[in-house]
Amino acid sequence: MALATNLEALSLANHDFSFSLYKELAKTEKGNIFYSPFSIHVIMFMASVGAASKTFDEMIATIHLNKTTHSLEAYRNLLEDLTSENDNLKLATGMFVDTAFNVKDSFVENSKKYLKSSMEKLNFKKDPEQQRQYLNNWVLNKTNNKIKDLFPKDSINQATALVLANAVHFKSGWAHTFNDAEDDSFYLTPSNKVTVKMMTLRHDLQYYHDSDLKFAALELPYEHHAFKMMILLPDAKDGLQELENNFSKINLYDISKKMTQYHVTVKLPRFKLEHSLQLEDVLSNLGCPTMFTRAANFSNIVEGGDLFVSKVLHKAYVDVNEKGTEAAAATGNEFYFLTG
């Protein structure tokens, strides 16, 4: 029973983290925003397993967990639930350790056992550029060649002691295929429209309208119905800002339960997005600044010296068309180790 409760808490934590992350990103990111909160959550959770005291408290609060719901067993179950008997979603997690850096056995064992992480030794001190390319190829390979150069030039250097990386890849056809896209108008603002390739589908679908918050929600199922895309559409053509402001009042699980079936005509632009993010400031602002300083406590990873997070890099890709969706994302947590 406790495990089921923790699994539910973990799903809710991912949901709430998604929205708090969006709210923070929207302060500085202009235009379309696309990211995988799940990929970031996995890496933050993995790093938190190595943290202690104030650093640990800040990190788990940021990813909407607490000392009761922070459960390795529940996280293992969540990862197994998402990937078991399902070829559409693939997850990979890796730990890359400098050859001269000694990580505690307990951290390696927990990461392997509960988070299905691999572990490799790399010589960051001798040839950081070669190792950067190796890491990028690892990500590329795990994301069906969709996420390129997660680690940009000079992001890996001789101070790099440890890199935690996660990659996610999803590909699935729609349960109900759209008609071939045709030119149609898409409104950026009530008075500013652009011509896009618009896909059309007429089908019985799960739908919900919120008259208080003035938006509609629609579920588009993928084949085998293991996954679905949920779309939120403001009632007004200029209602996106108001909808974003109301995110704290919206729970996607609740909306899904309230949905009923309607015969719906869906018009959706065919789109492809790619987005790169550097998340140190965002995560600091969300409540975990200590992990980025020499005051960080990662004593469950290494004894002595100052181990701290130098960079959190994220990249995401999505391609939505008449046949289905392909999406990929990767997150990299880079640690520096300083002594003396």
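**Salt bridges and a buried glutamate**

Let me begin with a pair of side chains, Lys315 and Glu274, which meet in a salt bridge at 4.0 Å, N to O, a salt bridge being a side-chain nitrogen of Lys or Arg within 4 Å of a carboxyl oxygen of Asp or Glu. The pair links distant parts of the chain, with Lys315 in strand E10 and Glu274 in strand E9 (residues 271-278), 41 residues apart; strands here are DSSP runs of at least two residues, helices (H or I) of at least four, both numbered from the N terminus.

This is a predicted model, in which local features need pLDDT of at least 70 and side-chain atom pairs count only at pLDDT 80 or more, while totals for chains, interfaces and linings use all residues. Residues are numbered from 1 along each chain as its sequence is written, and side-chain values use heavy atoms, leaving out hydrogens and water.

Lys315 is buried, at 11% relative accessible area, whereas Glu274 is partly exposed at 48%, where buried means under 20%, exposed over 50% and partly exposed in between, with a 1.4 Å probe and protein chains only.

Strand E10 also carries Lys311, whose partner Glu334 lies in strand E11, 23 residues apart, and the closest N and O atoms of this salt bridge are 3.9 Å apart. Here Glu334 is buried at 0%, and Lys311 is buried at 15%.

Finally, what lies in the loop between strand E10 (306-320) and strand E11 (324-338)? Glu322 has its place there, buried at 10% relative accessible area, and its side chain reaches the backbone nitrogen of Ala181 at 2.6 Å.

Technical notes:
Polar contact = N/O pair within 3.5 Å; in protein donor to acceptor, adjacent residues only side chain to side chain.
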